[in-house]
Amino acid sequence: MPMSCVTENYDICVVGAGHAGCEAALACARLGLETIVFTVSVESIALMPCNPNIGGSSKGHLVREVDALGGQMGINIDRTFIQSKMLNVSKGPAVHSLRAQADKSEYSREMRRTLEQTEGLTIRQAEVTELITEDGAVKGVKTFSGAMYYSKAVVLCTGTYLKSRCLYGDVVHYTGPNGLQPANRLSESLRAHGIELFRFKTGTPARIDSRSVDFSKMQEQKGDSTVVPFSFTTNPEDVQIAQASCWLTYTNEDTHEIIRENLNRSPLYSGMIEGTGPRYCPSIEDKVVRFADKERHQVFIEPEGLSTNEMYVGGMSSSLPEDVQYRMYRTVAGLEHVKIVRNAYAIEYDCINPRQLYPSLEFKAVKGLFSGGQFNGSSGYEEAAAQGLVAGINAAMYLKGKEPLVLDRSTSYIGVLIDDLVTKENREPYRMMTSRAEYRLLLRQDNADLRLSKIGYEVGLIPQERYQWVLEKERLIEKEVDRVQHVKIGANALVQKLLEEHGSTPLKTGASLAELIRRPELSYGILAEIDKDRPDLPDEVAEQVNINIKYDGYIKRQLKQVKDFKKLESKNLPEQFDYSQVNGLRIEAQQKLNLYQPVNVGQASRISGVSPADISVLLVYLEQMYRKKQG
Amino acid sequence: MKTDTIAAIATAMANSGIGIIRISGGEAFSVIDKIYRPKKGNKKLSQAESHTVHYGYICDGEKVVDEVMVLILKSPNTYTREDTVEIDCHGGTLVQTRILETAIKYGARPAEPGEFTKRAFLNGRIDLSQAESVIEVINAQNDFALESSLRQLQGTVKEKIQGIRGKLIHEIAFIESALDDPEHISIEGYGERLMETVSELSTQISELILNAENGSLLKEGINTVIIGKPNVGKSSLMNMLAGEERAIVTDIAGTTRDILKEQVNLNGITLNVIDTAGIRDTRDVVEQIGVDRAKTYLSQADLVLYMVDSSVSFDVNDEEILSLLSGKKAIVLLNKSDLDQVTTEELVRAKMGQKQMGHPIFPISIKDGKGTKELERAIQELFFHGEISFNNEIYITNVRQKSALQSALESLSMVKQSIEDGMPEDFYSIDLVGACEELGNITGESVGEDLVNEIFSKFCMGK
């Protein structure tokens, strides 16, 4: 080591400035801690190396929740989107989900600007190569140049950069995504600290030149006429902009034939790729093999930004050789003469087995070491941002000596995401899905502010004024829900006419307004004209009233389930506990519990291999310990 | 902490004159109010003083299940420290099971293995020094329950339940894929199709519940062996019990050379009836094997039906068979009462008297159908009074499984309701998942990973 190396001191080091790293760094700095964020390239801050969207089914929920907790992703996409859609509007409110097309370079630049303007936040371009620890606690990081950055906590958000390599055909680039510099040395340091690593893979389709695309052979996909912003702080008027279009086309038998003929040249099928890929975003070759009976697959051509000709070929990620890529893309209607700007490729990288983390995202083995994002075995920008925010908040809480923020499954998709990561066996990059949230009727994107603002406020990321409005909104909703249940509607001519207009059965006798709202063809809004005493309420309040009344029965049932769920969740288990000393636990349960070290009995009950009888034994054991302590 | 209300049979069911069903938890009194009817008047037991005894009936709606004594025990001076009801009823598996089922139908749930003891401990009723034994109770009962639940489930029934569950998971996976990837998978007009599937699966579950009521979900019943000399009418009895021409009946002695088995249901009691080869001293090798097997079955039987041809004389073969009945639960049947009586009831009774046996004797004529009702009643009586015993845990398992099937059926009717009410598709999956979870409780599978696997393997998601 050189005698005079750079040495600096910070409160917190954040390694990586992708979607997780940005949220983590912003949260720490905003909570008043001196924070430094490392990136291999300042140009790649908040880079979107794969699809050009933020949100989508269940991912839109995550963005809303990040926003309600005081994160940045929602605000950033509201400022840089070029098209927006609310998905599943014909379905129930629980599965409505926002998805926006981002102007990628604007998204990245805007986030970088936010980081640069945040007080107490330092951006540093450098490859972190080593973790510095002392007595099982983190003390900082060391970079490739030998510089030492001492800190009390470290948040690892290395994304797909650890020992990454990109592949197509028999071509291998030892780079991170997009040809960026990988981080080849940190993995060894992590292993030396006893951290178990997985090898995962994912992939991305080609980017093409829009001038080479014949859009007349495709269907135009426009954005919503009225755009709903992601962030609860964005003024809806500010997002009513001119939107760009996406385009829909299809693969065909010719495409599939070319793929089938060249499967042996794919690194996936030749065994060159060792990493575990996600089943939910299969490469086009995967789709053709696994769904052989499908005659065609959808392909979405999406702009990467307003200031570029590059377009993303959604639905056709691949690791086939370059020549095959050309041939297969050119079979698709509208892409007959397509020019590829960047090849499709698969990327392999190191990430951790996330069961090594507490639900606070702190490592069980190293105090003060936190992590978030793809490094934790997830996939997706939104999943990354959500974890980055929680890891950042908890690094700050750790420094302040406060209780960590742990969101349980009944509070949020973020809670479900983290609980799944740290509790369940995870053998592929984890993607959020609405079906993973068992209480999804309560965890809607429309009520993320009502669910989480209080927590964001207590953490210190939501300002007083914003929190006050949420409290006021809550009050207004409650009052109006109560009123609506007591308003009696008579079977008069005006009412019957309105019902008839909406194809609803006329009333025989009077009914409460709530009963009418519950009819599928009616809503709170539709009934305004026969509800004379209705107060003037903001749209967001009216929306909540409608949902709360309309789905009342289902919501009540889920609330009851949550109550049962909370019982086991509130029974804490000791840290670093040796379960083999609990007589009566089956061997498999002892081993699993020792491995996972769950924080409470609820989490223990979700570990595979732990039976209900084991949970009973655990409860009895806890009671036994408690009474012994009481003496 | 407020807990839900559990119910279980507290006594070992076999060979006891009295059975006790215990209900514990916040709703214990409201459950007993719904199922108890006093001899006179209409007093509500929830209003009764603590630690009092009440005479009356347990009723399922209008139907009287049993005549009982009910103990009302108010929290905290009870075993579990919760409100507790104890129902003292007639002993015998059937009555106790029916009372338990009635309690479950009206709001209790079947207790988990060792759950009463667990609650007693967690609520501070059991001393710390006994914690280890509490854990032992939980484990012992759980092992027993686990062992009996899957093992007892008939192969075909398990397959049926897994089949239904698989179809439900497929439907959920379809809905969820469409919700997760609305641009790739369309769900238009799906409600009607789902309605058909759900109706079909509901019918299948209803059939399983009916079977459960007849006890035939379970492999085991009362092992009943029909025994006697050749050509006394054993196979005819078998056919009569089974209600079909199962055994080959001829006039030629020694027709049944092997063993025939049949599951027979007598008003809710399952008999595994085994028709044996007639026992006689024989030189026919094949027939001899049958005879040996008959003797083996006889030694393992819960109930023996010994058939005597009353129209021929009681010989050495009969003497030998009679001696095999010593210490067994048996009924002696004097068949062919329609013919001239050579071997009379008095004669057989005298023979049994020499061997100090007191088995009941019935003259019957299978040919004329005389005495068969009396036989059925006699078997029921024996069972009803707990005199025939077998692995009782099976019945408890059956109650749990039936209760799970019932809940699954309710969940499916909620799905139908959601479709009829015109709810959006994502609401369907809430109760479809509920139904799957209930069925998974029987087969020991959980929904989470199964669903994710189904989504990825059956539906092509884009990106």
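Two residues are in contact if their C-beta atoms, placed from the backbone, lie within 7 Å. The model is predicted, with local features requiring pLDDT of at least 70 and side-chain atom pairs pLDDT 80 or more, whereas totals for chains, interfaces and linings use all residues. Residues are numbered from 1 along each chain as its sequence is written, and chains are lettered from A and ligands numbered from 1 in the order in which they are written.

**View 1. The buried residues of helix α8 (residues 322–329) of chain A.** V324(A), Q325(A), M328(A) and Y329(A) are buried (20 or more other C-beta atoms within 10 Å of a residue's own). Because these residues cover an arc of only 120 degrees around the axis, they lie on the same side of α8(A). Their cover includes α6 (253–261), β19 (310–314) and β20 (340–342) of chain A; helices (H or I, at least four residues) and strands (E, at least two) are DSSP runs numbered from the N terminus.

**View 2. The crossing of helices α2 (residues 59–68) and α11 (residues 448–459) of chain A.** The two axes, lines fitted to C-alpha atoms over the stretch in contact, come within 8 Å and cross at roughly 35 degrees. H61(A), R64(A), E65(A) and A68(A) of α2(A) meet residues of α11(A), among them R451(A) and L452(A).

**View 3. The contact between chain A and chain B.** Chain A contributes 39 residues and chain B 37 residues. On the side of chain A that touches chain B, α16 (552–569) and α19 (612–630) of chain A each give two or more residues. α19(A) gives the most, with 10 residues.

Key: Axes fitted to C-alpha atoms, helices over the stretch in contact; angles between N-to-C directions. Buried ≥ 20, exposed ≤ 12 C-beta atoms within 10 Å, placed from the backbone. Arc of directions from axis to C-beta.
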